[in-house]
Amino acid sequence: MTQTQGTAVWQGRALRGVLFDLDGTLLDTASDIARALNRTFSEYDLAPLPVAEVSRMVGRGSPMLIESATRTRSRAFSAGEKAALLERFFHHYGELEERDESDAQPYAGVREALQRLHEANLRIGVVTNKQHRFASALLQRLNLMQWVGIIVGGDTCERRKPDPEPLLFACRALGLSSSQVLMVGDSINDVTAARAAGIPVVCVPYGYNEGRDPRSLACDAMIETLADLPGLLWPEEPRGFKGRSG
């Protein structure tokens, strides 16, 4: 592969970094989340939820997942019960990695895009509402951390997306200003956080977006897969760029 020379550019502005959402953007994690949630529910004699229904609850972090999931049941849950459910969910989710039961995999084009950006000396961050330890374990297992400079998890900052704080924290950690980065995500949370941080945002159409069509998002551009991202940043580079396998 011959590396394209030149500075990455977005709408006439030089870019030095890219921030990515995790669930629904880099990785398909819905089946893992549903498995951990249903193992938690089974301990409380609650009926399981289908993966498709759980995927519509993904995006705002584990506490909101538990909140949404318990609303589907026929009884009310106290704050203490929800807190206990959350802890059990964390336990089961962590066990998936520990027992090598995780089914999470990168979406098409992810490895190629991350490698391409890294080779062009762009700084890469992952900003997710998932707990930091779970995000880190996934990226390590899937051999993606080699290209990632910072992970900002749902427990890293005081506030999670859609608040801009995690994106701005990532920028500072990478030594960049918000004017030097691009956000890539799949949901209204990513778009809202990026807009509030003054960061342009590109979306993918295959993510979760809490059950709504990601194509309806008011983002700056929509790409079919992350393999199309280099073509946006280096217009002379064809869409669907294929780099070396990482």
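Setting aside neighbours within four places in sequence, N129 is in contact (heavy atoms within 4.5 Å) with G59, R60, G61, S62, G154, R160 and K161. The model described here is a predicted one, in which local features need pLDDT of at least 70, side-chain atom pairs count only at pLDDT 80 or more, and totals for chains, interfaces and linings use all residues. Residues are numbered from 1 along each chain as its sequence is written, and side-chain values use heavy atoms, with hydrogens and water left out.

N129 sits in the loop between β6 and α6; here helices (H or I, at least four residues) and strands (E, at least two) are DSSP runs numbered from the N terminus. With a relative accessibility of 6%, N129 counts as buried, a word used for residues under 20% relative accessible area, while exposed means over 50% and partly exposed lies in between (1.4 Å probe, protein chains only). The N129 side chain also reaches the backbone oxygen of K161 at 3.0 Å.

K130 belongs to the loop between β6 (123-127) and α6 (132-141). This lysine is buried, its relative accessible area being 7%. Which residues does K130 contact, leaving aside its neighbours within four places in sequence? They are L22, D23, T29, I33, Y93, A135, L138, G153, G154 and D155. Between K130 and G153 there are 5.6 Å in space, C-alpha to C-alpha, although the two are 23 residues apart in sequence.

Attention now turns to the sheet. Strands of a sheet pair through backbone hydrogen bonds, either parallel or antiparallel. Two strands are said to pair if DSSP finds at least two bridges between them.

Strand β3 (residues 17-20) pairs with β6 in the parallel sense over four bridges, and G17 stands opposite R123 of β6. β3 also pairs with strand β8 (residues 181-185), again in the parallel sense and over four bridges; there, V18 has L182 as its bridge partner. Which way do the residues of β3 point? G17 and L19 point one way, V18 and F20 the other way, and all are buried.

Helix α8 (residues 188-197) has N189, D190, V191, A193, A194 and A197 as its buried residues. Their cover includes α7 (165-174), β8 and β9 (201-203). After α8 comes G198, with a positive phi near 75°.

The charged side chains complete the picture. Side chains of opposite charge can pair when their charged atoms come close. A salt bridge is defined as a side-chain nitrogen of Lys or Arg within 4 Å of a carboxyl oxygen of Asp or Glu, and by this rule the count comes to 17 salt bridges. One of them joins R35 and D32, at 3.3 Å from N to O. Both residues lie in helix α1 (residues 30-43), three residues apart, which is about one turn of the helix. R35 is partly exposed at 25% relative accessibility, whereas D32 is buried at 1%.

A salt bridge also links the side chains of R88 and E43 (2.8 Å, N to O). R88 lies in helix α4 (residues 79-98) and E43 in helix α1, so this pair ties together parts that are 45 residues apart in sequence. Relative accessibility is 29% for R88, which counts as partly exposed, and 37% for E43, which is also partly exposed. E224 and R215 form another salt bridge, with their closest N and O atoms 3.0 Å apart. E224 is partly exposed at 41% relative accessibility, and R215 is partly exposed with a relative accessible area of 46%. Finally, a network of salt bridges links E158, R159, D163 and E165.

How values were computed. Polar contact = N/O pair within 3.5 Å; in protein donor to acceptor, adjacent residues only side chain to side chain.
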